[in-house]
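Q: Could we work through how salt bridges and a helix are to be read in a model of this kind?

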Amino acid sequence: MITYTLLEQFSEITHFCTTRHGGVSEGNYGTFNIGPYSGDNIEHQTENLNRLSQTINIPTQDIIFPYQTHGNEVFTIDKEFLSKKTSDKNQLLSGKDALITNIHDVCIGVTTADCVPVTFYDPTQKVIAVAHAGWRGTSSQTVKKTIDAMILHFDCKVADIYAVIGPSISVEAYQVGEELYEIFKSAGFPVLEIFKTIDSNLHLDLWKANEWLLLQASIPLNQIEIAGLCTYKNHQDFFSARRLGIKSGRLLSAICIKN
């Protein structure tokens, strides 16, 4: 697992992004696949989750991540949610691409394999959040909606929020079609800054696009970290759907407030 310099200053939280190493999954899921929705052997995925649980000392039922659909819905994990049975929890988590909570000893995360995971922490209000943003989630401003939810539900102030853009595909590896240029332009993004032409091909910089969203939300620049780790280039350490195919493993980017 990796951690981030920006968040390491806060001893009251645990945060991480898993890597491919240390699990039991095989093939394109090898070895530490955490994602349950990608076609892996369920026994392997369960064992990997158990190993993670032991490492971070959080019960598996309190490691919570949604069934993501490349949307921008944000869901709050509260005591009412935690009291529900597993089937009801799974239903509530379906179609969500960001989670927020202020409950201690609950680990929230998102799974990715090239898309951008963004981890948030407000040390003043003791609120954590995670968001999943591929090109769809980025263009529909999932990051902004997550920040808005932190403000609405927990009285957070943007000046207090720290945010990390985790391992994901880099601009050099992310060739896209011309239609994305128009989508981001229509959504108000600075397209000349986030798109780049490489060898006559159009590439999209999801790191810069999500950083722009964070800055537009008025999060201070010195409270933003970009991990700068490309999942496609570093596919031996991180899962990459573009490199391995959709039927492959997923990383988990997560955060927890310690009790």
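A: We may begin with one pair in this predicted model: the side chains of Lys144 and Asp148 form a salt bridge, with N and O 2.9 Å apart. Both residues belong to helix H6, where they are 4 residues apart, about one turn of the helix.

Q: What span should helix H6 have, and what is the distance between its end C-alpha atoms?

A: At 1.5 Å a residue, the 13 residues of H6 (142–154) should span 18 Å, and the end C-alpha atoms are 18 Å apart, in agreement.

Q: Which residues of H6 are buried, and where do they lie around the axis?

A: Thr142, Val143, Thr146, Ile147, Ala149, Met150 and Phe154 are buried. These residues cover an arc of only 155° around the axis, so they lie on the same side of H6. Their cover includes strands E3, E4, E6 and E7 as well as helices H5 and H9.

Q: How many salt bridges are counted?

A: The count is 3. One of them joins Glu47 to Arg51, with the closest N and O atoms 2.9 Å apart; these two residues are 4 residues apart in helix H2, about one helical turn. Another joins Lys233 and Glu172 (3.6 Å, N to O). Lys233 is in the loop between E11 and H10 and Glu172 in the loop between E8 and H7, so this pair ties together parts 61 residues apart in sequence.

Definitions and conventions:
Residues are numbered from 1 along each chain as its sequence is written. This is a predicted model: local features need pLDDT of at least 70, side-chain atom pairs count only at pLDDT 80 or more; totals for chains, interfaces and linings use all residues. Side-chain values use heavy atoms; hydrogens and water are left out. The expected span of a helix is 1.5 Å times one less than its number of residues. Buried means under 20% relative accessible area, exposed over 50%, partly exposed in between (1.4 Å probe, protein chains only). The arc is that of the directions from the helix axis to the C-beta atoms. Contact means heavy atoms within 4.5 Å. A salt bridge is a side-chain nitrogen of Lys or Arg within 4 Å of a carboxyl oxygen of Asp or Glu.
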